[in-house]
Amino acid sequence: MDYIDAFGKFENLSEETYSSSHSYTSLPASDETRIVGGNLLKPKKKGLIVVLSAVMSLALFGVVLLGKSRTTTSSSPLVVDETIVSRGVTEGVSEKAFLQFYGDGDTDGKIISYPWTNYMLSWQRTAYHFQPEKNWMNDPDGPLFYKGWYHLFYQYNPYGEIWGNIVWGHAVSRDLIHWLYLPEAMVPDHWYDSNGVWTGSATLLPDGSIVMIYTGSTNESVQVQNVAFPVNLSDPLLIKWVKYSGNPILYPPPGIGLKDFRDPTTAWYTPKKKWRITVGSKLGTTGTSLVYETVDFLNYTLLDKVLHKVPDTGMWECVDFYPVSMTGDNGLDTSVNGPGVKHVLKASLDDIKKDYYALGSYDVVSDVWTPDDAEMDVGIGLRYDYGKFYASKTFYDQKKKRRILWGWIGETDSEHTDIEKGWASVQAIPRTVLFDGRTTTNLLQWPVEELESLRLNSLEFNNIDIQTGSLVPLDVGTATQLDITAEFEINEKSLDGMTEEADVGYNCTTSGGAAGRGRLGPFGLLVLADKTQSEQTAVYFYVAKDIYGDLKTFFCTDESRSSEANDVGKQVYGSIVPVLDGDKLSMRILVDHSIVESFAQGGQTCITARVYPTKAIYDAARLFLFNNATKINIKATSIKIWQMDSAFIRQY
């Protein structure tokens, strides 16, 4: 592919500080810049070895899940005298404060906080997920591989544990697991980003040059797009960055809200020898992605058509757009198109804080992306992850020819508690992303292979019969840092006569969680459970049969008994997972203190849980198999469990 040298025209790329004496002025609409039928017309602007000692313990599991009483572990609760404020939305970015609590309030509506201890809070910090040494973190930014190093930039508050004062944190790794902290890459030091250096993406050009396009919040809280470059391309750590003297390079076009224009993507190259990026936005309540074209990354033309739009999905932020191969197991560079290629369009829906994606076809000439199935469009159908996972971003790893997905795991406790513990949020384990050639309808996500380097002593259990309504304890020693793989079988005879017990309305979230008993489920594993199961996080399958005799399999995570604390989120997450004829039911679970990441059927359905146990911590954490079905026994044909080492993330 013949690329244009986009950097031949760049000037003034030094460490000199540029500033402007004036700020953004609203642009009027003109005859050449207007919105017609939801399409923007032609403005040009510059702009994530112990032996089996488990004893079969037949105990009615409904009692385990439903009959335990809740007790507190400390003396007196704390009334948090603060008003919970949605700090992000007022600034024009996604919700950064978790406002849904399961605890009690006094007559003034104040939150009665659980009496957390340092012992409890210290345990919550993860061992092998990326997180800063302290303070607040959110969206991943500009990930790339450069001169032997993986780079992760991230939204970071250097001054506190809640959202605000956003700069770009920076860390590097040789293997995507063992990270080293570097100095902040970019800080708010110009009028065009004085209210925050927000989310952006890196484009690595064929000549080795790098351009970083990011959203800045101006001194008047207008969202604009800016460009920055490495000061020294010979530095593999990319420590110093310089912002383009002509920033901003893009302003909100007419018809777009001043706080509805953010998060530019990695650029892709077209047959017309031009580069394109897309920026998230909305038109009324219609989520959309605007497309800009450029030759030099300094001057841009807004194309006639939006890349795609979906009514009633609200603001699209952190949009991502990339190709996947239908025929191979390698990832693809962002610019690849043609036969045997599908394109993924993903948006983070600001209104509901969930990441949706869809598979489709991209016509680069007409600049039209069309979903394969309109009923599974962006914001309607598939999600990367059905748990706490947001603001995700991919990049192409040219070293191993794979596409890597990052995702932000936010908190579901109170901001008051975050301040007590001194930090907030982690990044999910990076995942490889591939087109699922067996189903042809979804992506496969799997933890990067480098994670296996942290595996220590292992355990293996085979052919364990889990009787109806029973628990099977698994003696694995300390159970707070684990990598677990498990396969289950249902006896085919158990399926006979199921038609009259059709379960067509099952839903992970609304059907009683792990305590909601059916003929074929739920069954799976309890992680981060104490010995009495008063605290437990259930990861499980539920199989339902419809009136026509067809099976549907659901994969779920139940946090409803994950903590005795009253001021944390306790959701039940999950969705349908495709299971093809002859396949066993399989899951992989990563347990890392207060994070549980789960993958079903090789990564067809993924769930991330953010949990806050008060008793099932340190040496008190246990692991159990369970079968809460009413009519069938389940066989765990293979369970492999590894203790996981720490990634020892530290300063460079």
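By salt bridge I mean a side-chain nitrogen of Lys or Arg within 4 Å of a carboxyl oxygen of Asp or Glu. Strands here are DSSP runs of E, at least two residues, and helices are runs of H or I, at least four residues, both numbered from the N terminus.

A word on the source. This is a predicted model, where local features need pLDDT of at least 70 and side-chain atom pairs count only at pLDDT 80 or more, while totals for chains, interfaces and linings use all residues. Residues are numbered from 1 along each chain as its sequence is written, and side-chain values use heavy atoms, with hydrogens and water left out.

Back to the pair. Is R276 buried or exposed? R276 has 3% relative accessibility, so it counts as buried. D367 is buried too, at 4%. The cut-offs are under 20% relative accessible area for buried, over 50% for exposed, and partly exposed in between, with a 1.4 Å probe and protein chains only.

How many salt bridges are there by this rule? The count is 28. Another one joins D355 to K346, at 3.6 Å between the closest N and O atoms, and both of these residues are buried. R455 and E452 also meet in a salt bridge, at 3.9 Å from N to O. Here E452 is partly exposed, with a relative accessible area of 38%. There is also a network, in which salt bridges with shared partners join D397, K400, R402, E449 and E450.

Next, a sheet. Six strands form an open sheet in the order β30-β41-β32-β37-β38-β39, paired antiparallel. Two strands count as paired if DSSP finds at least two bridges between them. β30 (455-466) and β39 (605-610) are at the edges with a single partner strand each, so one side of each has no neighbour in the sheet. Inside the sheet, eight bridges join β32 (residues 481-490) to β37 (residues 585-592). In that pairing, I484 stands opposite I589 in β37.

Last, some backbone details. The peptide bond between N247 and P248 is cis, with omega about -5 degrees, and P248 lies in the loop between β13 (241-243) and β14 (268-269). N165 is not a glycine, yet has a positive phi of about 55 degrees.
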